[in-house]
Amino acid sequence: MKSEVILKQPEVSHKVLRVSPELPSKLIELGATKFYRCFNCGNCTAICPLTEGKVSYPRKLIRYSLLGLEDRILSSAEPWLCYYCGECSDYCPRDAEPGSFMMALRRYLTTKYDWTGLSRLLYFSKKVEVIAIMILAAIVGLLIYFLHGPIVLDRVELETFAPIHIVDTAGLAVFFILATLLITNIYRMYRYVMRDDQGRRIKIPLKFLITDFIKTVPLHFFTQMKFRLCKVWNWINHLIIVYGYAAAFILFVPLLRFTQTNEPFLLVNPLSILGILSTIALIYGASVAIHGRVKKSQPMWRYSHSTDWMFILLLLVTVVTGILVGIFRLIGLPLATYITYSIHLMIVAPFLILEVPFAKWSHLAYRPFAIYFAGLKERFLASRGVMYV
Ligand code: SF4
Ligand code: SF4
């Protein structure tokens, strides 16, 4: 049955508002378990260190969501401007957890940007998530079983066991598939955001699209500078974890041909140093996340969606198996190296394939693009004397 109701707004001709009655319940499923308690006082917006001028959240987005105004949510980049410091949740007199609401909204938007529908399945069904991981792991396991090279047992020959031309081709294929999925999802995000409150499409001249992209996206990706304003969670901690993820992705996907070698890397090798630093950052990130979520020590860790735990679990297994491969290779245990490396690949593949375009990792791309789109939209609307929405 069609779930959307089309309402004509009487005061403005031709203006339609699409109402999705299921929106609140979907957000509750995604972690906004208490947002219906909100009585619209505005404390959260006043306390949020990142709201400024015309950018005003979370109160406004909570109202839109309670009313089921899905179009207003889709055309807003604001959910991505929040860094989930949780300060608003601490000051909410109704314990409505506006910080968790913003996180749930980002999960919801991730499912809307993804055109394959896989993100929705992953976020709304634990079973699908587990089955998808198992299927991908099994496919990688079978590929290793059928395609591995000779098993040399008198010394470690990782490159011989996992022929580099196959691993390299697979790594590059995964890289291009993930990049394509992510870019198309970002394009859908752009199409959703670039609408005014009448639902009309906003056309941005190419010149501004290019210049603003250059000025905004790399800056916010590499510095995460807006997070400096948050008092609760340390900006540097966040930055270390972001760099750890980014370095691990680059080392493992496009640079795999250089990192999978027969000889263990010397510590002076730049790739080796990058690998060690990225491993330390990932261990640090995983430990902080586990400790915080178990103790519920900060508002952003009070609610954990099943995908959060799955992310941490996959991250930990990836890091541990990666370290073990390094140790076994260094001390010369061929069979242990090959088996652990196979398990490592079986975990890394689903981790990257599912998390980068469809789940948690995607926010690393969505956030700087949201800042870019929000700036463009605000400028365009201001030039026409319209308030930013
Ligand atoms: S502080 Fe709480 S009750 Fe007040 S608007 Fe924000 S979420 Fe609603
Ligand atoms: S979690 Fe932090 S950044 Fe996000 S809305 Fe609340 S106060 Fe603002």
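**View 1. Helix α17 packs its buried residues against α10 (164–193) and α11 (206–223).** The model is predicted; local features need pLDDT of at least 70, side-chain atom pairs count only at pLDDT 80 or more, and totals for chains, interfaces and linings use all residues. Residues are numbered from 1 along each chain as its sequence is written, while chains are lettered from A and ligands numbered from 1 in the order in which they are written. Helices are DSSP runs (H or I, at least four residues), numbered from the N terminus. Buried residues (20 or more other C-beta atoms within 10 Å of their own, C-beta atoms placed from the backbone) of α17 include Y366, R367, F369, Y372, F373 and K377.

**View 2. Helix α17 along its length, residues 363–383.** Its 21 residues should span 30 Å at 1.5 Å a residue, and the end C-alpha atoms agree, because they lie 29 Å apart. The expected span is 1.5 Å times one less than the number of residues.

**View 3. Helix α14 (residues 270–295) packs with helix α15 (residues 306–331).** The angle is about 145 degrees, and the axes are 10 Å apart. Axes are lines fitted to C-alpha atoms over the stretch in contact; angles run from 0 to 180 degrees between N-to-C directions. From α14, T279, L282, I283, A286, A289 and I290 meet I312, L315, L316, V319, G322 and I323 of α15. Contact means C-beta atoms, placed from the backbone, within 7 Å.

**View 4. The shell around ligand 1.** Of its 14 residues, C38, C41, N43, C44 and C92 come nearest. Both α2 (43–47) and α3 (59–66) give two or more residues to this shell. A residue is near if its C-beta atom, placed from the backbone, lies within 6 Å.

Note on methods:
Buried ≥ 20, exposed ≤ 12 C-beta atoms within 10 Å, placed from the backbone. Contact = placed C-beta atoms within 7 Å.
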